[in-house]
Each structure stands twice: as structure tokens, then as C-alpha cells.
Amino acid sequence: MSRVRLLVFNPVLQVLDYRLPSGMATDFGQLVIAPLGPRQVLGIVWEPERLAGTEVPDSKLRPILEVLPVPAFSKALRSLIEWTADYYVAPMNAVARMALGSMAALRGGGTTTEYRLSGLEPKRLTPQRAAAMDALHGEQASIRELAELASVSEGVLRGMLGSGILEPVTVDLDRPYLRARADYAQPELSDLQQAAADQLVSAVRQGGFTPFLLDGVTGSGKTECYFEAIAEAIRQQRQVLVLLPEIALTENFLRRFEARFGVPPLLWHSSVKQSERRRAWRAIVSGEAQVVVGARSALFMPFGALGLIVVDEAHEVSFKQDDGVRYNARDVAVIRARFEAVPVILASATPALESLQLAEAGVYTKIDLPARYGGAELPAVRVIDLRKDVPERGRWLAPPLVAELTGRLAKGEQSLLFLNRRGYAPLTLCRHCGYRFQCPNCSAWLVEHRLSKRLACHHCGHEMPTPEVCPECHEGDCLVACGPGVERIADEVRELFPNARLAVVTSDTLNSPEKIAQFVAAAEQREIDVIVGTQLVTKGYHFPELTLVGVIDADLGLEGGDLRAAERTYQQIAQVSGRAGRGEKPGEVLIQTRHPEAAVIAALAAGDRDAFYAAEAEGRKDAGAPPFGRWAAIIVSSEDEAEAREAAKAIGAMAPNLPDVVVLGPAPAPLALLRGRYRYRLLINARRSAQLQDVIRAWLGQLQFAQGVRVAVDIDPYSFV
Ligand code: ADP
Ligand code: ZN
């Protein structure tokens, strides 16, 4: 009789014991199917002593049904899952789920059917079919995915299949990938780069856990350095995981990777189509996948032979996940490297204070690239005091910025205007009665999007057409836009420079790999004079003709109660500044602000990074904030405001009374209503010595909540809304 304990994928249950029928063999980490009531459940065989279970007598155990034909999750991955669940106070099966592909990937092998245009071009087409044909050029995917791509119903596509416009294609699910070649196109490295690369390469060759902080100014050629480490892993036949903060950056990365290694890497993120995800997942487990590039969700992939992890733009906030399992992929990447006993490289021009501190403490090996590759200079920075250089009425560009733009246009050089706000205006109100357009589901204003003629909530996605008359007083022609978004800045540029070729770059306009590629090509071929963009254009791009960066509102990020607001402002402006003057012509940055005296602005103007970090560290030390102390948040929400308030109060009433833990709140969250749920927050500030997670587990463990109440724990929170 052999008893096995499973971590099961079920929203309510986590752990169940089963019997292994004779003749069936299994191992820890193996994925299996087991009966649960009248249904079946997927589970992972776990070490019983590491998973508190139930005491069902042996005689009552039901048998496991099937051991799935995929390699078992390694000890390192299981340890990572345990660590993540423990550290972030999250259910273990929710963490383990992030290591799974689709159910279909677990069955493996075989073929699937995809569809593509057959080449048949009927003379008469319904408008829907004609539109679908346009959208589906060069595409091949399942009917559902094609329907999404073409924005038509699946029915329309089935009809097209019936009339032979679409044809089925049989796809081998496990067809192999082209092999990347370590020495396909090795660049000539500068001495500085070579020294950095040597250090990384030797760590990969030796194996073992070595965390690096690759700290190089924008344009220093960090990518080329860590490419050498990747090349070494490829030579050693070990796998590499590269994490990027945003899907939008992968396009650029793919091209550089292919130029260096001859073939593109494997992609793993939410918009990769089903059959490719299945293929990728299987190649990852088997060890065949050489280099996998993805957003944070790739972090938990079950690599069969991992040899190196790279986190590029490691300071980026988007590595922090703020729903489901609230983890920070940058931090967990380092933990994974430790369990896997492999090197990990955190690359950034503006590292998080937490990372710098770990480097200073000797935990991370710091590698510096203090100069730009090829002798390009870092741009000169000039601060524009908006209180003195006042933009014209109803305008947002101050005269000195307009003058510089004029000069760049005359010389045929490119400019970039940065404002981290999508849409036309963040607030719309009625001039007649004062009515303000607010989201019905969130405590937030609706943002006007003039291009799509809609008002939209950036938190929940609620949208409405921009009305002609005020819904409150029914006056016509009385709505006023307050404040600027990128669309409004673009309008201003158009009015000032009617002949300038303009690109607006936001997640609204660059929402597919094709559009990103088109934009990059246009910018590189100098078909764009002025780029107006959000944080999407602050990093990764290399446009040699770009010589002017204008920061429209440097104070924007300093508003709001975010603990890291100053650091984030510094990072964002330093990154966007880093887009200027990367080629032969020198760059210049103009920062518009109402607070030129603020430490962060002064440091940017002086180009004194160390001064900024020193001041920031001092402030955090005083506040007991990370990395000198610890923060956690408890977020209580319900669709019923009273229920949320009561639950938050109950939690507050049971707050632990400990010398090294301070509990603040409960208080309504800054976003008191989000997606229809009322929210309260408690903030916990603890000394580094405190066993924070244990304290929170014990505290919440004694409480029972009403059905509709959700209680989320956020360890090392980033968002304070
Ligand atoms: P970073 O990521 O540090 O900002 P990049 O890696 O993007 O810098 O490099 C900046 C630019 O310099 C890129 O266009 C890159 O292709 C180029 N570059 C860097 N190192 C080399 C090299 N050794 N040989 C040729 N080009 C290089
Ligand atoms: Zn909303």
C-alpha cells in the first residue's frame, strides 16, 4: 500500500491523500490525475512532510487515475513554489498554477488543427468577410484566436471555412525549434563590456548561485554583455530565462537576439497563441527550449535544465504583480536562481534602492558600466521652471521647449515628448453645472480619449461614448477637458508645427507586435519627427537621430502617497532622458516642473545619481521603509461598503501588539471603490527582525469573514492605492 500526498488544483482544497495503485509508479513533483467526488482533479505529488494534510485512514483512500506523461517538477521548482507561497502568504496551489501551461500541454504530443486563408478570393464578399480577410493575412491559429484577431464572430469564420476561403492546416504540436548558435554573430566588445562579460561568462561556466547587479548607464550596452552570458549557457546546453517588464519591449529584443544568435528566442506571455504556448511549455520542460523570453509569468516555468536567469530593466514596477499571487518577479527570480544554483543578472541603469543596498552589503556582485558604448555622451539636462516660463493659455509646452523643438525640426533631428498619461484629458467637466464624469465602478475620473471619441476608466475599463450634452443639466456644447494627456500634447504639437510628422505612442496606439514593429521602423528610417509617448517609450528603444527629450510634467509622479514616488520619478525621467543622444549627435533633455528645488529634480539636473540615492536612502531609513524596514498591506474589499468596513474594523481590532510591528489603519483605500468593490487598507510597518509573515498569518487566521469579503495580503507592496 503506498499513500501519496497531492497538492491539488482546486479553489477550495489544497491537499488530498490518495493511494497509488500497484503497477503505477510515480515520483515527487509528478503531475497526476485523481478522482475528486464525481470529477477529476489535477495534482502534483508532494513530499508529505512538507504539506500539512488530512488524516484520512488508508482504507478510505481512492486510487490515483493516471500519471501524466511529462517530466516531474524538479526539487528546485517545488522549493520555489513553497518559498513563494510562504513568503507572500499565498495559497500554494495558486503559485504552482503559474508553472502550468494548458491542460492540453500535459497530454502532449500529437497534432492540432489551425486555420489560415486558402488564397481563394471570391468576387463578392460580405463586408464582414472582407474585413476578416484583410485582418487575417499571414495569420494561422485556432478559429477562436482568428475571430479575436479579426474582431468577427467565430460563426463568420466557420462560414468562410465552409466556402473554402479558410483552410485547415494540421500542425505538429511538438515540432522542434531552430537552434540558437552561440557564435552566430559575436560583436566586438569595448574593454569595459569585455570585462563585464568575462565575469558573467565565467559564472555561467562554473554554475552555482551568483547574483549580479549589472548597473550601466543608458546606452552602455548592457544587453551585449549579458548576451555573452547567454551564449555561454547555450554552449553548455543549459536553458536561459530572460524576463522583460513589458510585452512591448519584446519586439525590439527579438530582433537583437536574432541578429546575435541567428534565430529568435521562445516567447512566453499572455498574447502568445494557444498552440505555441503548448509547444513552448513542452520544450521548456523537456529542456529543449534554449532561451525563453517573457513577462513575469514566465518566471515559474518548469525548466528542465536552467542555467541562467536575466532580469532586464530590473527596477521596473511591472515586475510586481498586484492581483492573485502578489509577488515581485525580480525578487523571486533571485530566489529561483538560488534554488536552481545558477547565476542571475539584474540589469538596469536605475536600480531599485533595494537592489543597490544588497549590492552594497555584498550579497550581489555589482558590475558597473559607467559610460555609453561608442563614446556617446549622456545628454545635458536643463530644468524649466513652469512658474517662470509659463506656457501660453491652454497650452502645456513652455516657450524654451517650443524653441528647442523648432530647432530640432529645422535640423531634421527627432524629438520625444514624454507624459505618462494616456488619452486626451484626465478629467472632463461641465462648464455650466460643474458636473464631473466619474467611473460608476471606481473612485476615479473618466479619461477622455478623443481619437476613439470615448470616456474611459483606466482602472476597470468602463467606457462610454463622449456625450454631446451634459448628462446632469442637459446643456449642449459645455464639456471642458481639464489637464493634458498625450493626445492633447500631440494636438498642441500639430498646431505649433503643422508639417511635423508625429507619432503618438501609448498602449492604446501600439497594441500589437506589428504596430510596434511599424513604429520602430518608421522612427529608425526618420519618418517621424516628434514622438509623443507614455512610459512605453522610456526604455529599450535606440533611435540614433533622437536628440531632444522633453518631460512635460515631472511632478506628475510625485503626487499621491506612494512610498517610492521619488525613486520612480527619478527612474522614469533618467530612463526617458536616456533615449536622447545615443548616436553621434549630442542629446539634450528639458524637464518641465513646478518644483525645481525637489531633491529628485535637482539630482536629475546635476546628473548626480549618487546624491539622489543617498538622500532617498536617508529618507527611507528615517521612515523605517524598505530596504531598512519592512512594509506589508492588508486590503479588505466587498461589494457591500458596510461589510468591507466591518471586516476591516474586525481585523484592526485584532492587530498584534508587538514591539517591532506598527499597524496603521484601517482606512479607506485611496481608490476606495475599484471595479465595484469597496476597499479598506491596513498598512504594517515592521522592523527587519520581525517575522512579518508569521505575524500576519496568525493574526488573520483567528478571524472569520462574511462570504462577500475578500482579504488580500500584499508583502513588500508597491502600489498604495
Ligand atoms: P543599454 O541596454 O545599456 O541601454 P544597449 O545594450 O541598448 O544599451 O546598447 C546601446 C546601443 O549600442 C545599441 O544600439 C547596441 O546595439 C549598441 N552596442 C552596444 N554594444 C555594442 C558592441 N559591442 N558592438 C556594437 N554595437 C554595440
Ligand atoms: Zn472604473
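**Helix α7 and a helix pair**

The buried residues of α7 are Q193, A196, A197, L200, V201, A203 and V204, where buried means under 20% relative accessible area and exposed over 50%, with a 1.4 Å probe and protein chains only. Seen down the helix axis, these residues fall within an arc of 160°, so they line one face of α7; the arc is that of the directions from the axis to the C-beta atoms. An α-helix has 3.6 residues a turn, so residues three or four places apart point the same way. On the other side of α7, D191, R205 and Q206 are exposed.

This is a predicted model, in which local features need pLDDT of at least 70 and side-chain atom pairs count only at pLDDT 80 or more. Residues are numbered from 1 along each chain as its sequence is written, and side-chain values use heavy atoms, without hydrogens and water.

The buried residues of α7 pack against β8 (210-216), α8 (222-235), β12 (306-312), β13 (343-348) and β14 (365-369), with contact meaning heavy atoms within 4.5 Å. Helices (H or I, at least four residues) and strands (E, at least two) are DSSP runs, numbered from the N terminus. After α7 comes G207, with a positive phi near 70°.

Elsewhere, helix α16 (residues 565-577) packs on helix α18 (residues 609-623) at an angle of about 165°, their axes 10 Å apart. That makes α16 roughly antiparallel to α18, a term for angles over 145 degrees. The contact involves A566, E567, Y570 and Q571 of α16 and R609, F612, Y613, E616 and R620 of α18.

Terms used. Chains are lettered from A and ligands numbered from 1 in the order in which they are written. Axes are lines fitted to C-alpha atoms, for helices over the stretch in contact, and angles run from 0 to 180 degrees between N-to-C directions. Angles under 35 degrees count as roughly parallel, over 145 as roughly antiparallel, 65 to 115 as roughly perpendicular and the rest as oblique.
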